[in-house]
Amino acid sequence: GNIEITSIARDDDGKPHLRIKGKAGRTLIIETSTDGVNWEKIGVAKDRGGDQFEFDDAATDATAVRFYRVVSPK
């Protein structure tokens, strides 16, 4: 199934919060980049049930500009 980041918003502390739609039961790995070329794994999305997942990027500075993508192992 398709994986889609449905929203990226900043929490009260300014940290990015991602909402993701994906296939239930899958592992969704979150990667980030500052240039869209070099990607780094930063964690795994939390499964919220059904097809809903979330990820809090607690490590990213509140003013940082980042690209995000989600990958799922085969």
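Two strands count as paired if DSSP finds at least two bridges between them. Keep that in mind for what follows. The structure on the slide is a predicted model.

Strand β1 covers residues 4-10, and strand β2 covers residues 16-21. These two run antiparallel, and 6 bridges join them.

Which strands make it up, and in what order? There are 4 of them, in the order β1-β2-β6-β5, and the sheet is open with antiparallel pairing. Its edge strands are β1 and β5, where β5 is residues 46-47; each of these pairs on one side only.

Next, the whole protein. The secondary structure amounts to 7 strands and 0 helices. Read from the N terminus, the elements are therefore simply β-β-β-β-β-β-β.

What about overall size? The C-alpha atoms fill a box of roughly 30 × 30 × 15 Å along the principal axes. The radius of gyration is 12 Å, which agrees with the value near 11 Å that a compact globule of 74 residues would have.

How much of the protein is buried? Of the 74 residues, 31% count as buried. The accessible surface is about 4,800 Å², and carbon and sulfur atoms account for 47% of it.

On contacts: taking those between residues at least 6 apart in sequence, 55% join residues at least 24 apart.

Last, charge. The protein carries 12 positive and 13 negative side chains, and the centres of these two sets are 6 Å apart.

Terms used. Residues are numbered from 1 along each chain as its sequence is written. This is a predicted model: local features need pLDDT of at least 70, side-chain atom pairs count only at pLDDT 80 or more; totals for chains, interfaces and linings use all residues. Side-chain values use heavy atoms; hydrogens and water are left out. The radius of gyration is taken over C-alpha atoms; the globule rule is 2.2 Å times the number of residues to the power 0.38. Buried means under 20% relative accessible area, exposed over 50%, partly exposed in between (1.4 Å probe, protein chains only). Contact means heavy atoms within 4.5 Å. Accessible areas come from the Shrake-Rupley method with a 1.4 Å probe; for residues, only the protein chains shown count as cover. Lys and Arg count as positive and Asp and Glu as negative; His and the chain ends are not counted. The place of a charge is taken as NZ of Lys, CZ of Arg, CG of Asp or CD of Glu.
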